[in-house]
Amino acid sequence: MKINNVVVIGSGTMGSGIAAQLCNANIPVTLLDLTTEISEKARERIHKSRPPLLLDKSKINQINVGNINENFDLVKNADWIVEAVVERIDIKHNIYEKIFKHRKNGSIVSSNTSSIPLDILAEKLSDDDKKDFCITHFFNPVRYMGLLEIVKNKHNDLDKINYLKEFCEEDLGKGAIICNDTPGFLGNRIGVYAMQVAMTEAFRMKLSIEEADAIFGRPMGIPKTGVFGLYDLIGIDLMADVLKSFIKELPENDEFQIVAKEIPLVKKLIETGYTGRKGKGGFYRMNKIENKKVLEAINLETGEYSTAKKIDLKIDKVDLVSLVNRNDRYGEYAWSVISKIIKYASSLVPGITDKFNDIDEAMRLGFNWVKGPFEMLKEIGVDNFFAKIENFQNNKFLENLSKSKDENFYGERQLYTNIETLGKIKPRATKLEKNDSAEIYRFKDFNIVEFTTKANALDYDSMDCLKKATDKPLIIMNESMQFSAGVNLTYTMNFAEKGDFKSIEKFVKYFQDTCKQLKYSNYPVISAPSGLTLGGGFEVLVQSNFVASHTNIVIGLVETMVGLVPAGGGCKEMLARWLDTEEAKKDPNFAPLKVFDIIGYAKTATSPVEAEPLKYLRPEDKKIMNRNSLFEVSKKILDDNNEFKAPSEIKFNLPGKEVKDKMISALEKLYNEKIILDHGMEVGKELANVLSGGNTTIDKSLSEDDMYKLELESFMRLIENNKTQDRIKHTLKTGKPLVN
Ligand code: NAD
C-alpha cells in the first residue's frame, strides 16, 4: 500500500498540526470538522502559527478544508484517516461508525487519543475493521516534537502497522515507536509520573517552586521549564484531567496512584482561574508593580505569591553522579525524584514494553529529556545506584540487575528505528578527544565533532576540536536540540569586562583560522544542523563543504542584534554567495546591498524553504525531514565524494565608498524614522564598511584573508564599545535584544 491522500477529522490543536506536517511532506490532506468555518479557522491558525507549523507558508492552500456533513465522501479516497476530535468516547465512536461505512477497503484509520485505550476505541468495530485501526499519538507541536507513538494490539495487521511506521518516519520525520495498548502508552505514562513525583516531592521536602525547577531542569537534562513551569505551560486544568484519566485507567496498586492524588493548592488554583499561562497565571504569574512587569512565584505552603527568585546552581552540564551525591537538600531532592522515576519506569518492564530502551527514547523525543530513566541509571552507575537505593520489591528488572550488577546492561540505543543514527554509532566509535565544549569521535575512516555546551555555544575549545578533526573527512553534528546558537557571549563578555580585548581578538582569529581550515582542508567537511544554527553556528556551516540540514532549523546571522558584525567569515561567505548571481554580474552594488539588508536586519529563516531565498542554504544542500537520518545522509555524501578536492579561494571585487554611501543613507533614513538609535547607526556603519570592502575600488581584488581582516577590525571596534557590551549584557540577562 501507499499513503497518497489523507483525511484528518477534527481541526483543533492536534488535527491542524498533523495536517500541517502532512502538507510539509507534500501529501494531499483534507481537514474536516463540524463546520467548514471551523476548519478554515484552523487553516488560518496554521498560517499564523509561531513557531511556524509549515515549512513553506505559501503552501497553506494545499491543505483542503471541509465539514463532516457535506464532505465526508472524501474519506472514500483517503489511504489514511486520522481522527483528532475531542477526547470523548461517544463522539469518537460515532465518527468511527461513519468512517468505516465510507472508507475504501484496506485504508488505515487511526485515532490521536492521548488516553483512551485502543480496545475501548475499537470495541464496536468488526474484527476485519480492527485490523486496520490503531492509535497514532502525535505530540504538540507536531512539526517540532519528535515522538509519535503507534499503539497496536493483537487484532492489527502488523505489515500495515510497520508500513505506517515507515511512512511516519520517512515522510513525516517522526521518531515512531510502536507500543502496546497500556494507559498513557510510554511517553505520558513515565513523563507525567515524573512530573508528579517532582511536584509531590517538592511539597514534601518544602522546596520552593524555583528551587524544584532549578533541579528538575537543566541539571537533570530536562528542559528548563522544570516541573512547575511545565505545568503552567501545559495548563493546570488539563493536567488535572490527564491525572483523572490515569487514576481511572490504572490499577489501584499502581505507584502512579500515590503521586496523582489531588493536591488542595492545585484544586484551588484551577477554581480561581489560575490555570497557567493561558489563564491568570499559575504557579508563576506576571504581576504589574509600579508599572513594571514582575515575575512572581507561588509559595507552596501559603499559596501567596512573591517575586520569583533566581536559583543558580552553577551547573552547566548534566552530571547526575555529582547531583545525587550532593550533601544538601538539592542533592536529596534530586536523588529522591530520579530514583523514584527509575524505580517506576523499570517496574513497567516488560508490562508496557519489553524494550526498556524505548522508554528512554520516548522521553527524549516526547519530553526533550537528554537522557531517559534507564540512561540515568547507567550514568549513576549500577553499583552506586544499588548502594543508595533502599528497596525495590516486586521489581523484576531491578532485582535481576541487582544480582548481575552488570554496568553494561544498557546495550544498543535507539532500537526503535532501523536508521543508522548518530546515537547508535557513537558507542561503536572511538572518542579521540574531549574538552569542555566538544568531542571528536573517529568512526571508520572519518571524524565526527559533537559540540557539548549549553545551546552548543561556541568558544575556543569548540574551535580546537573542529580544527584538530580536519585530519580526516569530518561530519559536524550532534544529538542535542541546537546545532549551535552562536559564539558563547558569556565567554566573550568575561574577557570584555576585564578589558582583556587581546584574548577576544585571539579567539576571533582562531575562529577564522578554524573556519578556513574547514573550508580548505584536503578532506570534505559536512555540517548536519538541526535547531538553532545562528551567528557563529551558521559561520561553521557556511564554511563547510557540504550541508545536510534537518527541516527544523532556525538559521541566520544575528550578530547585529547584540551590536556586533559576523566576524568568523559570515559577511565574506554571504557576499560570495550573492556575488555569484546574475544580478550581481550586472550591478556591482547588488550583492553588498542585499547582504547588508539580510545581516543588518539579522534576518532568520525557520526552515530550509525560507533559508534558500536568503542564500543561508543552497539548492544543492540536502534537506531532511527525519532528524535521525542526518547521519546516514552525511555519510552518503562522504561516500559520494571520496575524490574530493578542496575548493579554490574566492576573490572579491567590491565597490567600496560608492556602495558604502548608499548603505549609510539607508541607515540615516532608519535613524530619522527612529527605527534605529545611536548605536544601531554605529553597528550599521561597521557592517557597511565590511560589506563594501572598506577602502577599496571595484577593480581591486580582495582575498578571503582581506575580508576576514575587515570583519575582525569592525568586530573589535564594536566589542570595545560600551554600548555593544550593554546590548550583550541585556541579551544575556533577558534573552531579548536591547535597542540603543
Ligand atoms: P481540540 O479541542 O483542540 O480540537 C478538537 C476539534 O474536534 C475541534 O476543532 C472540534 O470542533 C472538533 N470536533 C468535535 N467533535 C467533532 C466531530 N463530531 N466531528 C468533527 N470534528 C469534531 O483538541 P486537541 O487538543 O486537538 O485534541 C484532539 C485529540 O488529540 C484528543 O483525542 C486529544 O486527547 C489528543 N491529543 C491532544 C494533545 C494536545 O496536546 N492537545 C496531544 C496529544 C493528543
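Figure 1. N478 is buried, its relative accessibility being 5%. In this predicted model, the residue sits in the loop that joins β15 (474-476) to α21 (489-497). The side chain of N478 comes within 3.4 Å of the backbone oxygen of F483. Apart from neighbours within four places in sequence, the contacts of N478 are L422, E450, F451, N456, F483 and R627.

Figure 2. The shell around the ligand consists of 23 residues, and the closest of them are M14, D33, E87, K92 and S114. By residue class, eleven members of this shell are nonpolar, nine are polar and three are charged. At least two shell residues come from each of α1 (13-24), α3 (89-102) and β6 (133-138). The largest share, three residues, is supplied by α3.

**Figure 3. Polar atoms facing the ligand oxygens.** In the side chain of E87, an N or O atom is 2.5 Å from an oxygen atom of the ligand. For S114, an N or O atom of the side chain is 2.9 Å from a ligand oxygen. T13 contributes through its backbone, where a polar atom is 3.0 Å from an oxygen atom of the ligand. On its own the ligand has 830 Å² of accessible area, and the protein covers 77% of it.

**Figure 4. The loop position of T353.** T353 is found between α14 (329-347) and α15 (356-367), in the loop that links these helices. With a relative accessible area of 7%, the residue is buried, because it falls under the 20% limit for that class. A polar atom of the T353 side chain lies 3.0 Å from the backbone nitrogen of K355. Leaving out neighbours within four places in sequence, T353 is in contact with N180, L186, L348, D358 and I359. Among these partners, D358 and I359 carry numbers within the range of α15 (356-367).

Figure 5. The whole structure contains zero disulfides. For C168, the nearest cysteine sulfur belongs to C134 and is 8.5 Å away, so C168 is in no disulfide, for which the two sulfur atoms must be within 2.5 Å. C168 is buried, at 0% relative accessibility. C179 likewise takes part in no disulfide; its nearest cysteine sulfur, also that of C134, is 11 Å away. C179 has a relative accessible area of 2% and is buried.

**Figure 6. The exposed residue K280.** K280 belongs to the loop between α12 (264-271) and β9 (284-289). Its relative accessibility is 53%, and K280 therefore counts as exposed, the limit being over 50%. The side chain of K280 reaches the backbone oxygen of T272 at a distance of 2.9 Å. Not counting residues up to four places away in sequence, K280 touches T272, G273, Y274 and R285. Of these, R285 has a number within the range of β9 (284-289). K174 lies 106 residues from K280 along the chain, and the C-alpha atoms of the two lysines are separated by 34 Å.

Notes
Residues numbered from 1 in each chain as written. Predicted model: local features only at pLDDT ≥ 70, side-chain atom pairs only at ≥ 80, totals over all residues. Heavy atoms only, no water. Near = heavy atom within 4 Å. Polar contact = N/O pair within 3.5 Å; in protein donor to acceptor, adjacent residues only side chain to side chain. Areas by Shrake-Rupley, 256 points an atom, 1.4 Å probe, with all protein chains shown as cover. Helix = DSSP H or I, 4+ residues; strand = E, 2+ residues; numbered from the N terminus. Nonpolar A, V, L, I, M, F, W, Y, C, P; charged D, E, K, R; others polar. Buried < 20%, exposed > 50% of the residue type's maximum accessible area, 1.4 Å probe, protein only. Contact = heavy atoms within 4.5 Å.
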